[in-house]
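Today I am opening my notebook on ring contacts and nonpolar packing. Here is the model I looked at.

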Amino acid sequence: MVLKLVFDSISARLYLPREYFVLTDAGKPVFISRPGGGDQDGMVSTIGIMQALISVFLDDHDKLRCINAGQTRITFLLRPPLYYACASSWGEPESVIRSHLEYLHLQILSIVTATQLKRIFERRTNFDLRRLLNGAEPFMHSLLSRLETDIAMTMSSLNCLKVEPNLRKRLAESLVPNSKMKDILYIILIANDRVVTLIRPKKHSIHPADLHIIMNTIHSPSIYNSPASASWVPVCLPKFNPAVFVNAYIAFLRKDDSEGLNESGVALVCINGGGDLEAVRSWFDSVIIKLSSDGTLNALLSAHRSKETEYSVSELGIPGLRHFIYKSRAQVQITLPTFEDPYDEPHARKRLITLYQTLHDSIHAKSGQEAGLKLQYIRTETESVMGWITQPFELYVTLSPLLPKSAAVGAANAVARWVKKEEARLFLKDAPVF
């Protein structure tokens with residue numbers, strides 16, 4: 001099924017910062033995304049009105065989902081004892097903001113476990129959670145910043161680094177823990193904010209939401225800008241176990257730009273369930289020494305420096321194609337080229353991401369539609385985009401608005417063929433388990 005829409009006003013949107021609110025079911029403020037919290041008296045009044053509105057619906061055995069006011073939509077998510085709300089005028093589907101609020105909830109649970117949260121509010125319903133979250137605001141602001149343009153989070157997927165398969169294999173094999181490291185859960189190598197490889201136990205895989213919480217945690221300014229080259233950070237992974245903390249050992253292999261790396265750097269992360277933390281650190285240090293001595297680490301850093309880990313849409317040689325996102329449904333991973341002109345400008349990139357999110361929402365019927373679509377095409381004043389879902393993949397392509405719909409279909413088929421040919425470099429496949 002094809003649905004063609006014309007959005008004349010999308011390019012005119014200002015994309016003012018979204019505002020996020022977290023409050024307790026007793027009406028106590030927990031977090032406000034506005035820098036400095038804004039006008040405190042005004043914010044307290046706003047929180048009070050939100051709590052009153054939610055309570056009115058709950059008294060009628062209903063839930064308040066959203067309020068539409070012109071171009072602004074206020075979306076609510078209830079996760080007692082916490083309530084979440086977001087005011088946005090971006091024009092994105094309701095499901096997008098709902099997923100943002102879910103991530104905000106998971107980020108809070110990564111700092112205060114679900115068990116702790118329940119126990120605290122059972123004892124004191126009017127508890128001021130801000131005291132317990134003191135110092136955690138940078139993590140939440142960092143998360144909300146990522147959510148603006150990180151399509152992998154919208155699509156609940158891993159975004160993997162483009163790497164030669166032999167190099168990825170050598171890196172992965174070097175990171176497999178020995179039999180003595182029984183409490184290790186995951187080992188993740190990250191570069192440019194993307195996954196290079198991920199080593200896991202045979203018993204289970206990592207949920208993409210937990211991985212995004214890890215990525216946000218390690219790149220939060222309080223950790224990334226720490227003078228220490230490595231550090232232990234307690235973190236709860238809500239999709240793994242919302243009741244307990246695990247320990248994340250984070251080692252930044254390169255933190256500055258002196259060798260041409262971008263600001264995200266290269267990080268090695270070990271998630272450990274308990275046991276002897278010193279033994280884990282010693283093993284981790286020995287792995288880094290081995291990777292350095294055998295040249296494997298330098299090979300990754302060289303590829304990173306020379307931009308071999310990135311690719312341009314022009315490499316595909318498809319006329320009119322401006323950008324695309326391809327999701328391997330089997331691997332739960334996405335790949336996309338760099339954002340180039342005209343999408344290297346923040347306003348245009350936000351516009352394009354919002355269009356992708358609109359396609360994704362319609363294809364998966366995430367905002368209450370009767371059924372999902374197999375194919376959707378949207379043309380605006382500035383671009384045409386098409387979403388297409390099949391059993392092995394999802395594909396979203398962007399072209400000039402002057403091209404016919406048939407050109408989008410042809411471009412989509414050409415992208416799918418190119419990705420199939422390059423998938424060994426684009427996706428993390430057959431990573432070793434232990």
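**Ground rules.** I am working with a predicted model, where local features need pLDDT of at least 70 and side-chain atom pairs count only at pLDDT 80 or more, while totals for chains, interfaces and linings use all residues. I number residues from 1 along each chain as its sequence is written, and side-chain values use heavy atoms, with hydrogens and water left out.

I began with tyrosine 186, which counts as buried because its relative accessibility is 1%. Phenylalanine 240 counts as partly exposed, at 31% relative accessibility. My cut-offs: buried is under 20% relative accessible area, exposed is over 50%, and partly exposed is in between (1.4 Å probe, protein chains only).

**Aromatic pairs.** I looked up how many aromatic pairs the structure holds, and the count is 13. Rings of Phe, Tyr and Trp (its six-membered ring) pair if their centres lie within 6.5 Å; planes under 30 degrees apart are stacked, over 60 edge-to-face, and the rest tilted. Tyrosine 186 and phenylalanine 240 make an edge-to-face pair, 6.4 Å centre to centre with 75° between the planes. The two are 54 residues apart: tyrosine 186 is in strand S8 (residues 184-191), and phenylalanine 240 is in the loop between strand S10 (230-235) and strand S11 (246-254). Helices (H or I, at least four residues) and strands (E, at least two) are DSSP runs, numbered from the N terminus.

Next I checked tyrosine 326 and phenylalanine 393, which are stacked at 5.2 Å centre to centre, with 25° between the planes. Tyrosine 326 lies in strand S13 (residues 321-328) and phenylalanine 393 in strand S17 (residues 393-399), so this pair ties together parts 67 residues apart in sequence. Both tyrosine 326 and phenylalanine 393 are buried.

I also found a cluster in which ring pairs link Trp232, Tyr249, Trp283 and Phe284.

**Nonpolar cores.** Which residues touch the most other members of the largest nonpolar core? I got Leu104, Ile188, Leu198 and Ile271, out of 57 residues in that core. Helix H2 (residues 94-111) gives the most to this core, with seven residues. Another core, of 28 residues, lies apart from it and has Val196, Leu253, Cys270 and Leu297 among its residues. For both, I take a core as a set of buried Ala, Val, Leu, Ile, Met, Phe, Trp, Tyr and Cys residues joined through side-chain atoms within 4.5 Å.

Leaving out residues up to four places away in sequence, I see isoleucine 271 touching residues including Tyr186, Ile214, Leu237 and Val246; contact means heavy atoms within 4.5 Å.
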